[in-house]
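Student: I have not seen this structure before. Can we go through it step by step?

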Amino acid sequence: MGRAFESTSMSESAVASEVGYDELATLKLVALDGGRAEPVKVSCSGLADRLDVSNQTASRRLQRLEEGDYIDREVVSDGQWITITEAGESALRREYADYRRIFETPSMVVLEGEVTGGMGEGRHYISLPGYMEQFTERLGYEPFPGTLNVRLSDDAIRARAGMSALDAVPIDGWEDDERTFGPATCYAAVVEADDETYDPVHIIVPERTHHDESQLEIIAPDKLRDELDLEDGDIVTVRVEEVETE
């Protein structure tokens with residue numbers, strides 16, 4: 001969580017800015033050809049025809065996707081083998097969630113996973129005044145200094161994309177005399193374990209994180225492990241709910 005809340009470097013931001021709608025359209029075609037599951041062979045000319053652009057433009061889009069770590073590719077004599085990376089799949093999931101938000105009206109996302117140990121960074125970062133003041137004001141409670149970490153099931157990882165279609169509580173980035181700390185988003189939720197239920201809780205999602213899509217970090221007014229008698233490996237259900245934003 002510590003690295004998750006730190007700001008990105010200028011070079012990282014510059015690369016991210018290169019990947020826009022045109023590149024995502026290119027990424028979608030690679031995914032439709034099967035690039036999520038395994039390497040697929042792509043030619044710039046064939047891709048250019050499907051995108052109605054020049055070969056040079058198609059090549060530049062692939063290069064930007066590679067520089068942004070959205071794809072891995074190996075150039076061969078008659079084309080290139082392309083695989084969509086985890087970052088690329090996450091980008092496609094966000095696009096998918098946006099379209100779901102257009103055509104559907106989800107009010108809840110249900111996620112299941114097992115409790116895991118964290119790296120101990122949550123206690124320090126949640127307690128920092130720049131975050132704690134916002135938590136207290138915007139969430140309505142002062143969080144326990146630590147997070148409950150949950151590793152999601154495969155089905156829950158896929159369902160997680162729906163969270164971006166729900167309204168949530170923004171937490172602004174801030175800085176002190178030494179460091180800059182990045183923004184985050186908090187999704188209101190309820191945690192269920194056996195016959196016990198606890199709320200309110202919030203899933204906290206930093207803008208930049210070293211966690212992948214399989215990991216959730218949950219904050220609450222109390223220590224959830226004690227309140228719900230949880231140990232590593234216990235299964236919990238997290239119901240992520242729509243909240244009204246100001």
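Tutor: Start with strand β4. This is a predicted model. In it, β4 (residues 108-116) pairs with strand β5 (residues 148-152) in the antiparallel sense, over four bridges.

Student: Which residue in β5 stands opposite G113?

Tutor: Stay with the pairing of β4 and β5, which is antiparallel. Across from G113, the β5 residue is L152.

Student: How many bridges pair β4 with strand β12?

Tutor: β12 covers residues 235-241, and β4 pairs with β12 in the antiparallel sense. Within this pairing, V110 stands opposite R239. The bridges between β4 and β12 number seven.

Student: Now the open sheet of three strands. What is the strand order?

Tutor: Take the edges. They are β1 (40-42) and β2 (71-76), and each pairs on one side only. The pairing in this sheet is antiparallel. On average, neighbouring strands are turned by 30° against each other, direction ignored. The order is β1-β3-β2.

Student: What is the bridge partner of V76 in β3?

Tutor: β2 and β3 (residues 79-84) run antiparallel, joined by six bridges. V76 belongs to β2, which spans 71-76. Its bridge partner in β3 is G79.

Student: Are α3 and α5 roughly parallel or roughly perpendicular?

Tutor: α3 holds residues 21-32 and α5 holds residues 55-67. Their axes lie 9 Å apart, and the helices pack at an angle of about 90°. Angles of 65 to 115 degrees count as roughly perpendicular. So α3 and α5 are roughly perpendicular.

Student: How many charged residues are in the contact of α3 with α5?

Tutor: From α3 come D22, E23, T26 and L27; from α5 come R61, L62, R64 and L65. By class, three residues are nonpolar and one is polar. The charged residues number four.

Student: Is R61 buried or exposed?

Tutor: R61 lies in α5. Beyond neighbours within four places in sequence, R61 is in contact with D22, E23, T26, L51 and V53. Its relative accessibility is 10%, and the cut-off is under 20%. R61 therefore counts as buried.

Conventions. Residues numbered from 1 in each chain as written. Predicted model: local features only at pLDDT ≥ 70, side-chain atom pairs only at ≥ 80, totals over all residues. Heavy atoms only, no water. Axes fitted to C-alpha atoms, helices over the stretch in contact; angles between N-to-C directions. Helix = DSSP H or I, 4+ residues; strand = E, 2+ residues; numbered from the N terminus. Parallel < 35°, antiparallel > 145°, perpendicular 65-115°, else oblique. Contact = heavy atoms within 4.5 Å. Nonpolar A, V, L, I, M, F, W, Y, C, P; charged D, E, K, R; others polar. Pairing = 2+ DSSP bridges. Buried < 20%, exposed > 50% of the residue type's maximum accessible area, 1.4 Å probe, protein only.
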